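Subject: Handing over a structure

Hello,

Here is the structure I promised to pass on. Please look through it first, then read my notes below.

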Amino acid sequence: MAPAAVVPGSLQRDAFGHLVYTGADGVAHNGVVPVRAFPIDGRLEHIALVGREGHELAWIPRLDALDDASRALIAEELARREFMPVVTRIISVSTLATPSRWAIETDRGPTELVLRSEQDIRRVSGNTLLIADGHGLYFLIRDLTRLDRGSRRLLDRFL
């Protein structure tokens with residue numbers, strides 16, 4: 001059976017803060033999790049509600065098509081699950097060889113990352129890059145062309 005689209009009012013939080021999805025059949029599913037099909041490119045579309053058993057319960061083609069309350073619940077849950085700082089500036093790089101230590105500024109504040117190899121920088125699409133830190137964190141460069149000249153010059157040495 002194909003999952004149904006979310007209908008307004010069918011999504012709420014229980015007393016423990018878990019999301020509860022009630023489908024068209026009236027069955028309530030506790031502990032559902034929103035999952036983006038395209039977490040970097042499709043931020044506002046193609047989101048599945050997945051039950052505790054890992055089965056897709058509902059498909060949301062566009063988040064902005066939901067009512068305000070459902071949209072807010074899903075946005076809160078996604079923000080809680082997804083942590084990917086966006087690089088806004090590269091301050092310095094310890095060496096132009098790898099491994100190297102990078103001092104960066106992100107939308108969450110200044111930090112450092114360890115780049116183990118050039119392969120840890122991946123072009124996701126167009127000007128979007130994903131940097132895997134040596135400690136397992138991922139950093140996103142949403143638009144390479146929006147970085148300042150000094151940051152792009154440092155980054156170009158590793159691309």
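Is Trp 102 buried or exposed? Trp 102 is buried, because its relative accessible area is 1%. Buried means under 20% relative accessible area, exposed over 50%, and partly exposed in between, with a 1.4 Å probe and protein chains only.

Some ground rules. This is a predicted model, in which local features need pLDDT of at least 70 and side-chain atom pairs count only at pLDDT 80 or more, while totals for chains, interfaces and linings use all residues. Residues are numbered from 1 along each chain as its sequence is written, and side-chain values use heavy atoms, with hydrogens and water left out.

**Overall layout**

The protein has two helices and 11 strands. Helices (H or I, at least four residues) and strands (E, at least two) are DSSP runs, numbered from the N terminus. The order from the N terminus is β-β-β-β-β-α-β-β-β-β-β-β-α. The radius of gyration is 19 Å, well over the 15 Å that the globule rule gives for 159 residues, so the protein is more spread out than a compact globule. That radius is taken over C-alpha atoms, and the rule is 2.2 Å times the number of residues to the power 0.38. Along the principal axes, the C-alpha atoms fill a box of roughly 60 × 30 × 25 Å. Of the 159 residues, 36% count as buried.

Contacts come next. Contact means heavy atoms within 4.5 Å. Among contacts with a separation of 6 or more, 35% are between residues 24 or more positions apart.

**The aromatic pair**

Back to Trp 102. Rings of Phe, Tyr and Trp (its six-membered ring) pair if their centres lie within 6.5 Å; planes under 30 degrees apart count as stacked, over 60 as edge-to-face and the rest as tilted. By this rule the count is one aromatic pair. Trp 102 and Phe 158 form it, and the pair is tilted, at 5.0 Å centre to centre with 50° between the planes. It links distant parts of the chain. Trp 102 is in strand β7 (residues 100-106), Phe 158 is in the segment after α2 (149-156), and the two are 56 residues apart. Phe 158 counts as buried because its relative accessibility is 3%.

**The largest pocket**

How many residues line the largest pocket? The lining has 16 residues, and Arg 43, Glu 82, Phe 83, Met 84 and Arg 108 lie nearest the centre. The volume is about 270 Å³. On a 1 Å grid over the protein atoms alone, a pocket is an open set of points where a 1.4 Å probe fits, with protein on both sides within 12 Å along at least five of seven lines; lining residues have an atom within 4 Å of a point. The volume is the space filled by probe spheres set on the points.

Helix α1 (residues 68-81) gives the most to this lining, with four residues. By class, the lining has nine nonpolar, no polar and seven charged residues. Ala, Val, Leu, Ile, Met, Phe, Trp, Tyr, Cys and Pro count as nonpolar, Asp, Glu, Lys and Arg as charged, and the others, Gly among them, as polar.

Glu 82 also comes up with Pro 39. These two are 43 residues apart in sequence and 9.0 Å apart in space, C-alpha to C-alpha. Pro 39 is in the loop between β3 (28-36) and β4 (45-50). With a relative accessible area of 40%, Pro 39 is partly exposed.

**Backbone notes**

Most residues other than glycine have a negative phi, and most peptide bonds are trans. Two places are worth a look here. A cis peptide bond joins Thr 98 and Pro 99, with omega about 0°. Pro 99 is in the loop between β6 (87-93) and β7. His 46 is not a glycine, yet has a positive phi of about 60°. His 46 lies in strand β4 and is partly exposed, at 27% relative accessibility.

**Ser 10**

Ser 10 is in the segment before β1 (11-13). At 5% relative accessibility, Ser 10 is buried. Which residues does Ser 10 contact, leaving aside neighbours within four places in sequence? They are Val 20, Tyr 21 and Thr 22.

Over to you.
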